[in-house]
Amino acid sequence: MTIKADEQGRYVVVNTLLNTTDVTLVDQISGRLGDSGRLVYFAVKDGMQPHDLTGQDAFIRAKDAAGKIKQVTGISERIKPSAGLMSIYLPAEFYQASGPVEEAYLAITSTNDGSIVSSVPLTFNVLENNMIITANGSKDYIDQIDSFVEAMRGRVSQLSDALDTQGQSYVALNKALDVYVDLIGKNAVATLGSDNVFAGNNQFSKPITGTVTNAVRADNATTAETAKVAHKTDDDTGWLDISKNFISPATGTAKIRKRNGIVQLIIQAVTGYYVGNKLPNGNQLLKLPWKGSAGASYPGEYSFVYNGAAGALSIMDDILIVHWVTNPSSDSSIHMYATLTYIATD
């Protein structure tokens, strides 16, 4: 049975205790095809008593005359929750098909877990509008999904920017490696398996094994011509755990490896950094065992994703710092993950 809704001033009265077979006709929701939307005021009651909306929310779901699902979620204005007074805005998507809706209802939900506390069957009409020359067909519309899709589009765009930054970091690293390879080609640096000429004064502070000719001094050697030279074919420290090197309040897991002068660093599940948009002592994050590009203000940027957007790290001597982030946050529980490669300068 269809029951015309009572009115209480500007408010439409909806009764949560009506039989589920009774449908409340709400003229205030009715509109014309192509309307831009309507703000409807509701007075929710449990029988004769006002329904207390404290700790509750609401949504309206409908299947229009074209059979398309429409949903709008959330109270627009909590005018007086204890008296059940509120307003809900119905967007233009509710007015895309003329005729009475096939089905509709107002649902009252709990803000704690989203469960439906009560629901009231509704009905309304969308009138023909002969002033509209052309109109798009009705489409399904659920505001929460539309909002989610838009949010995801924004995150994809931010991630794309972050990947661009990451690509620039790799280009910079490749250029640095090209310089290093060029130095090797010009015999400007010592290499394993090659004949190296040391033109300057060189001192070895550790015992070495092998044979050194024309030696002036060789500590811990049997003779000056048979000094101990370190026999190593690969300068590789292996992966070292430096998680204890995080600078308070940052904590997390950090592993580092130096192989032939190239350093790889992996930091995972880092929390406590960039709290209140900055860290003490110039955004210092982690102390490194090997320096990188000492002396420059910002020798290089290493990109990572923080709080859903791009950020960058830098190395200052032997300190890893947070150079900048797009979306700073005071939430210390946000985790940060990053992988970077640099050339050790010591």
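**Note on aromatic pairs and a buried aspartate**

Phe-59 and Tyr-105 are both buried. The model discussed here is predicted.

1. Two aromatic pairs are counted in this structure.

2. Tyr-11 counts as buried because its relative accessible area is 11%, and the cut-off for buried is under 20%. Tyr-41 is likewise buried, with a relative accessible area of 19%.

3. Phe-59 and Tyr-105 also form an edge-to-face pair, with centres 6.1 Å apart and an angle of 65° between the planes. Here too, distant parts of the chain are linked: Phe-59 is in strand E8 and Tyr-105 in strand E13 (residues 103-110), 46 residues apart.

4. Tyr-41 has a further neighbour to consider. Arg-10 lies over the face of Tyr-41, at 4.1 Å from the ring centre.

5. Asp-64 is found in the loop between strand E8 (56-63) and strand E9 (69-73). Asp-64 is buried, its relative accessible area being 2%.

6. What does the side chain of Asp-64 reach? At 2.9 Å it reaches the backbone nitrogen of Ala-66. The side chain of Asp-64 also makes a polar contact with the side chain of Ser-138, at 2.5 Å. Leaving aside residues up to four places away in sequence, Asp-64 touches Lys-70, Ala-97, Val-101, Glu-102 and Ser-138.

How values were computed: Residues numbered from 1 in each chain as written. Predicted model: local features only at pLDDT ≥ 70, side-chain atom pairs only at ≥ 80, totals over all residues. Heavy atoms only, no water. Helix = DSSP H or I, 4+ residues; strand = E, 2+ residues; numbered from the N terminus. Buried < 20%, exposed > 50% of the residue type's maximum accessible area, 1.4 Å probe, protein only. Polar contact = N/O pair within 3.5 Å; in protein donor to acceptor, adjacent residues only side chain to side chain. Contact = heavy atoms within 4.5 Å. Phe/Tyr/Trp six-rings, centres within 6.5 Å; stacked < 30°, edge-to-face > 60°. Lys NZ or Arg CZ within 6 Å of the ring centre and 35° of its normal.
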